[in-house]
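Work through these exercises with the model open beside you. Try each task before reading its solution.

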Amino acid sequence: MVAYGSRINKNIKRMMKEKDASRAVELNDRRNIFAVNLGLGSNLVLAFLKVTFGIAGHSPALLADGINSSSDVVYYIAAKVFLHMSVKPADKEHPYGHRQMENIAAIVVGSFIITTAIAIFWNSIDLVYDIIIRKTKAHEAAHITFIIALFTVGLKTVLTAVTRSIGIKTKNNAIKALAYDHLNDIFASVAVAIGIFFSRLGHFWVDPLAGCIVALFILKTGIEIIRESAYGLMSTEPDEELKNIIETKAWQIPGITGVENIRVHTFGQFFMVNMDILLDQSLTISQGDAIADVLESQLNKEIHNLLEAHIHYHPDRREQ
């Protein structure tokens, strides 16, 4: 009777843990959507202001930044679509769910950023050449363009802090990519403000040169986003902290004499672990199964966002 009651208590605890985990995932998904909607709305406003006053106020740098914000709107919409797809439950074709869409969304964001950077750089360097070499007549940037650039710096500082905080909490690569993009926009807008400032002093070539600097910041961000997100689509070595947790739990279980080949495959904010353990050669297959089950249970308790742990065991031939 006591054993039966103990099993019931364990089942209740397991069900409560699964329910809490489900609530946590749902909360993270809502946070991610909020971060995307916040960025989308902000960039819509900024794109309108920068493009309109970049043209009317004769500021190539602000116009280039406006094109960047317009591109932001496009890939924020793309990120929103992919994130919506990522929360779909597992099905026959996708037994681990659709969380990889988070990494794909980040790569799409990075690709848009790189394309935008190349276009802005080419256009800006052409304007610098026209002003310096061809002596093309340039206009002084209007004062309103300088105000818009400073306003962008302030707004993007807030957006960076909010989006980065959400990305850290949800461990979502797409949201982290958007936080990088907000940070990139801060540096870009500072460059724009400097370019406009010198343009108003009569150094007209500094304004489009600032556009070139903006493009380089954008390009660097795009490359970093793609590189980081691509790792999430491949099986990789775990980081040192995770590796230490796995090895510590393994060594605490009697019968395990070695730990080898720890590999991690991510599914958005979740991941799966594959690993090999070495066992005392005197143990039977049934005992090996029991040890692997104990280790799997320990890892599931200890590691947050672990989907599955696949543990392969072999006799430790080193004992011979």
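Contact here means heavy atoms within 4.5 Å. Keep that cut-off in mind, and remember that this is a predicted model.

**Exercise 1. Partners of Ile256**

Find the strand that holds Ile256, then list the residues in contact with Ile256, leaving aside neighbours within four places in sequence.

Solution. 
Step 1: Go to strand β1, residues 256-267, where Ile256 has its place.
Step 2: Decide whether Ile256 is buried. Its relative accessible area is 6%, and buried means under 20%, so Ile256 is buried.
Step 3: Collect the contacts. Leaving aside neighbours within four places in sequence, Ile256 is in contact with Ala250, Trp251, Ile277, Leu278, Leu279, Ile291 and Leu295.
Step 4: Look at Pro315. It lies 59 residues from Ile256 along the chain, and the two C-alpha atoms are separated by 9.5 Å.

**Exercise 2. The overall layout**

Count the helices and strands of the protein, and write down their pattern along the sequence.

Solution. 
Step 1: Count. There are 8 helices and 3 strands.
Step 2: Read along the sequence. The pattern is α-α-α-α-α-α-α-β-β-α-β.
Step 3: Turn to burial. The protein has 320 residues, and 43% of them count as buried.
Step 4: The accessible surface comes to about 16900 Å², and 65% of it belongs to carbon and sulfur atoms.
Step 5: Check the range of the contacts. Take those between residues at least 6 apart in sequence: 73% of them join residues at least 24 apart.

**Exercise 3. The nonpolar cores**

State how many residues the largest nonpolar core has, and name the helix that gives the largest share.

Solution. 
Step 1: Size the core. It has 34 residues.
Step 2: Pick out the residues with the most contacts inside this core. They are Val109, Leu178 and Val192.
Step 3: Name the suppliers. At least two residues come from each of α1 (2-56), α2 (60-86), α3 (100-132), α4 (143-170), α5 and α6 (206-231).
Step 4: Find the largest share. Helix α5 gives 9 residues.
Step 5: Leaving aside neighbours within four places in sequence, Val109 is in contact with Tyr75, Ala79, Leu178 and Ile225.
Step 6: Look for another core. A second, separate one has 21 residues, including Ile253, Val259, Val273 and Ile291.

**Exercise 4. Buried or partly exposed?**

Classify Ser69, Ile132 and Gln298 as buried or partly exposed.

Solution. 
Step 1: Start with Ser69, in helix α2. Its relative accessible area is 0%, so Ser69 is buried. Not counting residues up to four places away in sequence, Ser69 touches Asn43, Leu46, Ala47 and Lys50.
Step 2: Take Ile132, in helix α3. Its relative accessible area is 38%, so Ile132 is partly exposed.
Step 3: See what Ile132 belongs to. Tyr129, Ile132, Ile133, Trp205, Leu209 and Ile213 form a nonpolar patch on the surface, with about 520 Å² of accessible area together. Helices α3 and α6 each supply at least two residues of the patch.
Step 4: Finish with Gln298, in helix α8 (residues 285-302). Its relative accessible area is 28%, so Gln298 is partly exposed. The C-alpha atoms of Gln298 and Ala250 are separated by 8.7 Å, and the two residues are 48 apart along the chain.

Methods. Residues are numbered from 1 along each chain as its sequence is written. This is a predicted model: local features need pLDDT of at least 70, side-chain atom pairs count only at pLDDT 80 or more; totals for chains, interfaces and linings use all residues. Side-chain values use heavy atoms; hydrogens and water are left out. A nonpolar core is a set of buried Ala, Val, Leu, Ile, Met, Phe, Trp, Tyr and Cys residues joined through side-chain atoms within 4.5 Å. Buried means under 20% relative accessible area, exposed over 50%, partly exposed in between (1.4 Å probe, protein chains only). Helices (H or I, at least four residues) and strands (E, at least two) are DSSP runs, numbered from the N terminus. Patches are made of residues with over 30% relative accessible area and no salt bridge: like charges are joined within 9 Å, nonpolar side chains (Val, Leu, Ile, Met, Phe, Trp, Tyr) within 5 Å. Accessible areas come from the Shrake-Rupley method with a 1.4 Å probe; for residues, only the protein chains shown count as cover. A salt bridge is a side-chain nitrogen of Lys or Arg within 4 Å of a carboxyl oxygen of Asp or Glu.
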